[in-house]
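Morning, everyone. Please have the picture up on your screens. I'll keep this short.

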Amino acid sequence: MVEERESEEPTMNPFQKNESKETLFLPVSTEEVPPQSSNFPKKPSPKICGSNYPLSIVLIVVNEFCERFSYYGMKAVLTLYFLYYLHWSEDTSTSVYHAFSSLCYFTPILGAAIADSWLGKFKTIICLSLVYVLGHVIKSMSALPILGGQNLHIVLSMVGLSLIALGTGGIKPCVAAFGGDQFEEKHTEERTRYFSVFYLAINAGSLISTFVTPMLRGDVQCFGKDCYALAFGVPGLLMLIALVVFAMGSKLYRKPPPEGNILNQVVKCIWFAISSRFKNHSGDNPKREHWVDWAAEKYPKQLIMDVKALTRVLFLYIPLPMFWALLDQQGSRWTLQATRMNGNLGFFVLQPDQIQVLNPFLIVIFIPLFDLVIYRLVSKCGINFTSLRKMAVGMILACLGFAVAAAIEIKINEIATCQPDSQEIFLQVLNLADDEVKVTVLGDENNNLLAESIKSFQNMPYYSKLHLKTKRQNFYFQLKYHNVSVYTEHSVEEKMWYTLIIREDGESISSMMVKDEENKTTDGMIATRFVNTLHEEVNVSLGTDASFIVGEDYGVSAYRTVQRGEYPVVHCRTKNEDFSLNLGLLDFGAAYLFVITNRTNQGPQAWKVEYIPANKMSIAWQLPQYALVTAGEVMFSVTGLEFSYSQAPSSMKSVLQAAWLLTIAFGNIIVLIVAQFSGLAQWAEFILFSCLMLVVCLIFSIMGYYYVPLKPEDVQGSADKQTPQIQGNMINLETKKTRL
């Protein structure tokens with residue numbers, strides 16, 4: 001009947017005014033679509049010194065500074081907390097670190113959905129900031145030794161990190177977009193500069209926190225150990241300040257109301273378009289200009305146009321996770337690399353986790369340098385340096401940064417002490433007798449290793465490599481002392497380090513084999529061990545409030561890790577006397593054995609043996625790789641943040657911000673997978689990431705070449721344009737009048 005009526009009526013102008021009592025029928029969606037208007041009460045907002053910058057953005061920037069101090073301060077010591085406090089391996093520490101980072105960038109989807117469909121940005125930031133503060137409190141509690149054992153610490157740590165991830169991730173897409181909402185549409189230049197200042201605040205907070213929190217960890221002692229509780233507690237206090245500062249400006253903010261469940265509508269619209277496209281794949285149906293147009297039968301034009309704009313940008317985001325996979329390794333792999341370098345810069349000594357301060361420090365310098373100098377010079381040269389071109393150059397710089405990191409890693413490995421291989425052990429001999437001893441390893445393969453006699457208390461400059469026939473084997477040694485031969489037997493396992501200690505036993509000598517099982521994992525810390533030759537046990541206080549006991553008559557202590565520094569006075573005591581030992585300088589990455597002896601009339605002294613040499617390569621060699629990656633971050637991240645906001649339809653600002661942050665989450669997942677399953681040496685892993693980044697940069701450049709940036713007026717004006725030609729009946733219902 002409708003088709004017959006249409007054939008009888010003349011064609012009418014769809015823009016003609018309707019003056020009769022007739023009803024215009026439109027296709028109505030069965031879904032309840034919320035209003036798409038982005039208008040909200042535009043109350044006059046105080047400006048900063050008569051400029052076009054709203055006063056409210058000051059509070060937003062201060063809030064972001066404190067929140068980033070909180071996040072990066074906690075994260076700066078997180079890898080070493082896993083490594084030294086929870087005693088996890090390097091790969092496990094790296095994987096958990098990036099799993100946490102990934103979770104922090106998955107939760108923005110949840111925050112964006114809550115903000116856009118329920119609470120609005122302001123209330124979402126307030127509520128999730130409370131969760132954030134609670135997470136910091138629990139994380140600090142996880143570093144208190146008095147609260148249970150290691151299992152409880154792990155549980156508290158995981159709960160605290162989960163709440164922090166929910167809090168920081170949930171407010172991420174809201175704070176940046178909420179700051180952009182404070183500007184009027186005509187002040188686009190001011191809004192662009194706001195994003196640079198916003199990013200500057202992020203890195204100013206990161207700069208201070210990554211410098212301060214490692215000092216709180218290492219320079220302050222809690223319960224006789226590094227004070228991780230304080231290093232986590234101070235960032236928690238800053239997050240509380242961030243919450244208070246943000247809430248103070250409640251009356252100054254422009255608060256756009258939530259747009260309805262726009263994220264849900266976007267997902268349903270895309271799914272309906274895809275399913276409709278496959279259901280109508282036959283040639284009988286006319287082609288659509290865009291695949292999202294297949295949803296026109298059910299969803300409004302404005303939503304479809306917004307989804308088109310959104311999907312165009314999301315497609316461009318596909319290669320971006322690889323950049324974040326490189327950038328976020330500054331807090332994991334690069335920090336672990338720093339533990340095998342020497343942090344003594346002459347005028348200052350850097351802890352391995354403090355080297356991360358280079359990133360925010362350089363960003364604070366690079367942002368104004370790029371904005372005020374480099375970009376303007378490029379513009380004067382007539383080069384159209386678009387946002388996508390800046391991002392591509394940023395990728396290339398990150399690629400070069402990892403190539404430099406790989407070169408440094410190779411150099412570190414060349415200098416470092418090699419490790420025993422399969423069916424091998426490393427052995428050193430310490431002669432603590434009063435005269436020289438000739439040591440012979442009995443056997444066909446190893447009998448010529450120790451050709452010379454070892455003098456009393458002689459420093460052995462190297463380990464000897466012994467070959468095994470099986471994974472576990474007994475070795476026989478001949479010890480010649482004062483024309484007396486002593487035969488001894490010791491059991492060893494492959495891939496281990498051992499020290500054979502020769503000691504006096506009345507008028508003869510004996511030996512004992514000590515496994516140096518922790519030599520391989522000193523990781524920038526200083527490992528110390530004591531042998532007590534006195535006839536009574538010694539209580540040693542080594543740089544901490546807690547002390548330990550070394551047994552009498554050649555008792556051997558467990559390993560103790562200490563910070564780098566001078567140790568001229570180490571207090572010791574026996575039952576009968578108190579005395580002090582001068583240990584001298586304990587340098588980065590070294591392992592020392594101290595033999596407590598009383599061979600002179602000056603009282604007990606410490607004989608020092610450095611059997612793992614200190615790190616020789618200066619940590620300053622990491623500066624080029626940090627400079628390259630940071631320059632890449634400024635060109636990539638700052639530009640991408642503003643690009644995401646400018647390309648988003650007005651109803652989807654937070655959604656696209658969340659999608660931008662989601663690329664960071666997938667980047668961390670890439671690192672997690674490579675760390676767990678690649679099995680590559682560290683230098684090879686760096687080269688792998690560098691090559692992958694180069695390939696991804698080429699793909700992104702091709703995609704960016706064909707991308708046409710969308711202007712805000714195009715998004716708003718697109719709804720007024722005629723939609724692509726679709727099925728005739730639906731179009732006719734819009735342009736024909738039908739009597740009831």
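The protein has 19 helices and 20 strands. Helices (H or I, at least four residues) and strands (E, at least two) are DSSP runs, numbered from the N terminus. This is a predicted model: local features need pLDDT of at least 70, side-chain atom pairs count only at pLDDT 80 or more, and totals for chains, interfaces and linings use all residues. Residues are numbered from 1 along each chain as its sequence is written, and side-chain values use heavy atoms, with hydrogens and water left out.

Now some totals. Of the 740 residues in the protein, 53% are buried. Buried means under 20% relative accessible area, exposed means over 50%, and partly exposed is in between, with a 1.4 Å probe and protein chains only. The accessible surface comes to about 33,900 Å², and 59% of that belongs to carbon and sulfur atoms. Those areas come from the Shrake-Rupley method with a 1.4 Å probe; for residues, only the protein chains shown count as cover. Next, contacts, meaning heavy atoms within 4.5 Å. Take the contacts between residues at least 6 apart in sequence: 74% of them join residues at least 24 apart.

On to the inside. Which residues have the most contacts inside the largest nonpolar core? They are L78, Y81, F82, F100 and W660, and this core has 140 residues. Helix α14, residues 387-415, gives the largest share of this core, twelve residues. Another core lies apart from it, with 23 residues, including M460 and I502. A nonpolar core here is a set of buried Ala, Val, Leu, Ile, Met, Phe, Trp, Tyr and Cys residues, joined through side-chain atoms within 4.5 Å. Back to L78. Beyond its neighbours within four places in sequence, L78 is in contact with Y97, F100, K139, L161 and F232.

First, T94. T94 sits in helix α4, residues 90-106. Its relative accessible area is 0%, so T94 is buried. The T94 side chain reaches the backbone oxygen of E90 at 2.9 Å. Leave out residues up to four places away in sequence, and T94 touches S332, R333, L336 and A675.

Next, Q622. Find Q622 in the loop between β20 (605-612) and α15 (623-647). Is Q622 buried or exposed? Q622 counts as buried because its relative accessibility is 0%. The side chains of Q622 and Q337 are joined by a polar contact of 2.7 Å. A polar contact is a pair of N or O atoms within 3.5 Å; within protein, one must be able to donate a hydrogen and the other to accept it, and residues adjacent in sequence count only if both atoms are side-chain atoms. Neighbours within four places aside, the residues in contact with Q622 include W334, M341 and I408.

Third, C174, in helix α6, residues 150-181. C174 is buried too, with a relative accessible area of 0%. C174 and A112 are 62 residues apart along the chain, and their C-alpha atoms are separated by 6.7 Å. Among the residues C174 touches, not counting those up to four places away in sequence, is K121.

That brings us to charges. Side chains of opposite charge can pair when their charged atoms come close. A salt bridge is a side-chain nitrogen of Lys or Arg within 4 Å of a carboxyl oxygen of Asp or Glu. By this rule there are eleven salt bridges. K121 forms one with D181, and the closest N and O atoms are 3.0 Å apart. K121 lies in helix α5 (residues 108-141) and D181 in helix α6, so the pair ties together parts 60 residues apart in sequence. K121 is buried, at 10% relative accessible area, and D181 counts as buried at 9%.

Compare E414 and K411, whose closest N and O atoms are 3.9 Å apart in their salt bridge. E414 and K411 are separated by about one helical turn, because they are three residues apart in helix α14. E414 counts as exposed at 56% relative accessibility, and K411 is partly exposed at 41%.

One more pair: E424 and K465 meet in a salt bridge at 4.0 Å, N to O. E424 is in strand β3 (residues 424-431) and K465 in strand β5 (residues 464-467), 41 residues apart. E424 is buried at 12% relative accessible area, while K465 is partly exposed at 36%. Lastly, E64, E67 and R68 are linked in a network of salt bridges.
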